[in-house]
Amino acid sequence: MRTAAMAHQSKEPVTVPETTPTGTAAAAPAMSPRRRRRLGDATFSGIATTILVALLAVLCEIGPRAGWWGEEVLPSTSSIVASAADLLGQPQFWGDAARTSLEIGLSIVFGSVLGLLLGLVFWKLPTVGRIFEPYLVSFYAVPMVLFYPLAIVVVGINASSVVILATIMATIPVALNTTVGLNGIRPVYLKLARSLQCSPRQLLTSIALPAAAPFIVAGLRLGVVYALIGSIAMEFVTAQAGLGYRIRYLYEIFDNQTMFAYIFVVLVVSMILTALLVAVEKLLVKGRTQ
Amino acid sequence: MSEINLENVEVAFDTPAGTVVAVSGVTQRVPAQGFVSLVGPSGCGKSTLLSVIAGLTKATGGQVQVGGKVVNGPDRGIGVVFQEDSTLPWRTVLDNVRFALQVAGVDKEGQLERARWAIELVGLKGFADAYPSMLSGGMRQRVALARTLALEPGVVLMDEPFAALDQQTRIFLGAEVRSIWQRSAQTVLFVTHDISEAILLSEQVWVMSYRPGQIIDVIDVDLPAERDPSIVSSHAFNELHNRIWTSLQEESMRGFRQQEGAA
């Protein structure tokens, strides 16, 4: 199932119920070499990514120049970067970027909050969870773009309709992952909370949320990605402004050069967002098994 | 001081297969500052009885009093050390121990002071800033113990705290639990299925029968207060061991046959 697959992405065995603690003395010394290798992994993937991106850039530079493909198919790297730099001086670009950023930002915030709340409700009220969770799961498969006409009828052709649909898309993975994470809390933590007489608030903030954090963070990562995809895709379909809208517009008037510059900018933005997410994730689940 | 009084305690569960009586008619007393071990075959209701005393499970009959007060729910004066690893992996050792004090509303200075004291007490000095994932299973149980002791409860209930550890570690930790108890004014009830552990640690051993769990034998451990593991080869130890083993053997066989019959 989708939720299970996402859960595994977190690479965190912490929430997996483990009745018997693992080997005593073996755990401590085994730690340091593994940690060193992991650090090596990070450096390695960093270097590998840089080399890959550089190779791709070189290939795209040589391609049109050597006549492997035409400039109109994919312009050379240097010209894309140049026109992207050009864009940075245009007020229209900043207008589009501001609108798209606002849409993505709002969808991330609303999606995360709504998803967390839904996850908490599904956890606290298992009956509600059992009724509604299957719908949420199947909602995954529904192309949200189809609801665009409905959103337009309800709120009109503006940023709100984009935000609404992107929020729905972002909410689902956050809600499902939060539910999985909370339902997977090791029973002994709840027993501990009871024996220490934690208040409901302490139970939530000091036990439940941190215990489910690896799953919640994985859900938030997906939520952010869905908010990004949702916003750009909705703009692409029907909108009067925004980066997605601009890309479609440029494509319709055959301005490939500028279109690729916009695509390049969107790619860079999503890469930065992903890198930020990884940093946030590391911060949130620091000190755990690794 | 906190003595534990059990009066005709009964716990029954409703299961799809019918009502299961886990604990039946237990009337016993752990004297203040006493150390009693509870042994019994697996599935006999030892943990259930402990859970009732801790206020985590409701008795369906009878009454539990701790320090003269009827137990109606969890109480910070009753500390519990669980069998499973209960350290919180997102908190350092210090913060794990502090957690109990935070919840209890101790001010920050007091939290740090008492947490450091408890960490030193269980021999984890120098590991205060480590995360549980960096520690062995035995050390994590020490953290759990420190967290319980930091609240300085009058009663400490231990539910097979060393069951998942290797033999050497559990003998070593057991000796430490005993020495901590000797230096404190605490009343300890220790659940285990290990007869040697029960004799080594306690002043009295209760033997529990298979379902419905009843205390079928109470054995006073007349061994010197200072015990080192070499005592296991003494005559007195072996006699105690034999006596407990004899009562336990029948019950274990009965439980085994019942479980096989049910399967």
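Before we start, one definition: Ala, Val, Leu, Ile, Met, Phe, Trp, Tyr, Cys and Pro count as nonpolar, Asp, Glu, Lys and Arg as charged, and the others, Gly among them, as polar. The structure you are looking at is a predicted model.

**Exercise 1.** Sort the lining of the second largest cavity by residue class.

*Solution.* Begin with the residues: the lining consists of B:Leu145, B:Leu149, B:Val156, B:Met158, B:Val177, B:Ile180, B:Trp181, B:Gln186 and B:Val188. Next, apply the classes, which gives 8 nonpolar, 1 polar and no charged residues. Finally, ask where they sit: α4, β7 (155-159) and α5 (167-183) of chain B each give two or more residues, and α5(B) gives the most, with 3.

**Exercise 2.** Describe the lining of the largest cavity, and find which element gives the largest share.

*Solution.* The volume of this cavity is about 110 Å³. Of its 15 lining residues, the closest to the centre are A:Leu196, B:Gly79, B:Val80, B:Thr148 and B:Leu151. Now go to the elements: α8 (187-195) of chain A, and β6 and α4 (137-150) of chain B, each supply at least two residues. The largest share, 4 residues, belongs to β6(B). By class, the lining has 9 nonpolar, 4 polar and 2 charged residues.

Technical notes:
Residues are numbered from 1 along each chain as its sequence is written. Chains are lettered from A and ligands numbered from 1 in the order in which they are written. This is a predicted model: local features need pLDDT of at least 70, side-chain atom pairs count only at pLDDT 80 or more; totals for chains, interfaces and linings use all residues. Side-chain values use heavy atoms; hydrogens and water are left out. On a 1 Å grid over the protein atoms alone, a cavity is a set of points where a 1.4 Å probe fits but cannot get out, and a pocket is an open set with protein on both sides within 12 Å along at least five of seven lines; lining residues have an atom within 4 Å of a point. Grid points are joined across faces, edges and corners, and a volume is the space filled by probe spheres set on the points.
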